[in-house]
Amino acid sequence: MAMLAIAIQAAAVLAAPAPVPPQDWSGLPVLAYAKAPDGAAVSGFVAAEVTAGRCRAASVSPAGATLAVDAAVLVAPDGLARKVVPRAIDCPAVEQYAAGLISSTVRANAATNSPVAVAGEGWYRTTLTFSWKP
């Protein structure tokens, strides 16, 4: 009987839907960082994707190139990113790269008394802007 109860609990956990951000991100509070991510310092991968033609979402001019990735971030009670959902920009590799960087940045900012740690549980929005010289 105990095994049946454990199996039912496990099935309920597995069947629970993953949290999804609201459709309209404009009402989400902006995620504050103690130390914001430096998109220029981590833009090499994004520049390579654009140069290879796998991503056409960048704004390119003679002065330089930029590509912004918006994301919704689910912050857990411990101040860590439970889920990062990048807005689709038709560049899946760049979207996932940005999501990983955002998740790492939230983890690095989750120290006691940092804005991320005290923000509270819930969905937030953020933007990571990559920039590089063509």
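1. Starting with helix α2 (residues 44-51) in this predicted model: Val46, Ala47, Glu49 and Val50 are the buried ones. Their directions span an arc of only 160° around the axis, which means they sit on the same side of α2. Gly44 and Thr51, on the other side of α2, are exposed.

2. What do the buried residues of α2 pack against? Their partners are β2 (64-75), α3 and β4 (122-132). After α2 comes Gly53, and its phi is positive, near 85°.

3. Helix α3 (residues 92-108) has 17 residues and spans 24 Å from its first C-alpha to its last, close to the 24 Å expected. Its buried residues are Val94, Glu95, Ala98, Ala99, Leu101, Ile102, Ser103, Thr105 and Val106.

4. Now the rings. Searching the whole structure turns up 2 aromatic pairs. One of them, Phe45 with Tyr97, is tilted, at 4.8 Å centre to centre and 50° between the planes. Phe45 belongs to α2 and Tyr97 to α3, so this pair ties together parts 52 residues apart in sequence.

5. Tyr97 also pairs with Phe130: the ring centres are 5.9 Å apart and the planes are at 25°, so this pair counts as stacked. Since Tyr97 is in helix α3 and Phe130 in strand β4, the pair ties together parts 33 residues apart in sequence.

6. One more ring to look at: the charged end of Arg87 sits over Trp25, 4.0 Å from the ring centre.

Notes:
Residues are numbered from 1 along each chain as its sequence is written. This is a predicted model: local features need pLDDT of at least 70, side-chain atom pairs count only at pLDDT 80 or more; totals for chains, interfaces and linings use all residues. Side-chain values use heavy atoms; hydrogens and water are left out. Helices (H or I, at least four residues) and strands (E, at least two) are DSSP runs, numbered from the N terminus. The expected span of a helix is 1.5 Å times one less than its number of residues. Buried means under 20% relative accessible area, exposed over 50%, partly exposed in between (1.4 Å probe, protein chains only). The arc is that of the directions from the helix axis to the C-beta atoms. Contact means heavy atoms within 4.5 Å. Rings of Phe, Tyr and Trp (its six-membered ring) pair if their centres lie within 6.5 Å; planes under 30 degrees apart count as stacked, over 60 as edge-to-face and the rest as tilted. A charge sits over a ring if NZ of Lys or CZ of Arg is within 6 Å of the ring centre and within 35 degrees of the ring normal.
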